[in-house]
Amino acid sequence: MKNRIIPILLSVLTFISCLDLDETTYSDMQVSDIYKTESDADASTIGIYDNMLSSSMYSLPSMLGNTSSTANTRFVYIVSGGIHTETSHLEEYWSANYTLVRKANEVIANLWNSPLDEEVKLPYIAEAMALRAYGYFRLLRFWGDIPFRLAERDAWVSTFKLTP
């Protein structure tokens, strides 16, 4: 009997304690809450660089240019012109660079619409555009024609204009 009372008592106390729970949520952040100050613009632009720390951004081209890393490994498929199930480095390289492009597009779009003065936001927009160009340069150099995304939410569109 004692073993049944304790779980029942705990469950009743749990439900009663949550009835009067009225708190303000601080984790729900909207885009309208950001890009209001220069420090917001600075932090969002620095956030683009976060992706550049990933080894996926740099490992594939350097490994393909190094013959010692391609001999008797999964990179031999890429060097020989084939794609194999073990060539996940292609997907990682593609994703890492398009993540850089996506983050840059978000900063550019949101800074254009921000209430900041032009002399404050234009250098950050220019920096984001340069980082986006760097991501496209790396993708173009490796694949040639690629989907060209300039808008923040182009990821949901299925048809893209290819790069010129």
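**Exercise 1. Work out what span helix α2 should have, and how far apart its end C-alpha atoms are.**

Solution. Helices (H or I, at least four residues) are DSSP runs numbered from the N terminus. Helix α2 covers residues 38–49, which is 12 residues. The expected span is 1.5 Å times one less than the number of residues.

The model is a predicted one: local features need pLDDT of at least 70, side-chain atom pairs count only at pLDDT 80 or more, and totals for chains, interfaces and linings use all residues. Residues are numbered from 1 along each chain as its sequence is written, and side-chain values use heavy atoms, leaving out hydrogens and water.

**Exercise 2. Find which residues of α2 are buried, and how they are placed around the helix axis.**

Solution. Buried means under 20% relative accessible area, exposed over 50%, and partly exposed in between (1.4 Å probe, protein chains only). In α2, the buried residues are A41, S44, T45 and I48. Next, take the directions from the helix axis to the C-beta atoms. The buried residues fall within an arc of 95°, so they line one face of α2.

**Exercise 3. Describe the largest nonpolar core.**

Solution. A nonpolar core is a set of buried Ala, Val, Leu, Ile, Met, Phe, Trp, Tyr and Cys residues joined through side-chain atoms within 4.5 Å. The largest has 17 residues, and I48, V107 and L111 have the most contacts inside it. Helices α2, α6 (88–112) and α7 (118–143) each supply at least two of its residues. The largest share, six residues, comes from α6.

Now take L111. Contact means heavy atoms within 4.5 Å. Beyond its neighbours within four places in sequence, L111 touches Y35, A41, T45, L116, K121, Y124 and I125.

**Exercise 4. Classify the aromatic pair of Y93 and W143, then that of Y136 and F148.**

Solution. Rings of Phe, Tyr and Trp (its six-membered ring) pair if their centres lie within 6.5 Å; planes under 30 degrees apart count as stacked, over 60 as edge-to-face and the rest as tilted. This rule gives seven aromatic pairs. For Y93 and W143, the centres are 5.9 Å apart with 40° between the planes, a tilted pair. Y93 is in helix α6 and W143 in helix α7, 50 residues apart. Y93 has 0% relative accessibility and so counts as buried, while W143, at 33%, counts as partly exposed.

The rings of Y136 and F148 have centres 5.1 Å apart and planes at 45°, so this pair is tilted. Y136 lies in α7 and F148 in the segment after α7, so the pair ties together parts 12 residues apart in sequence.
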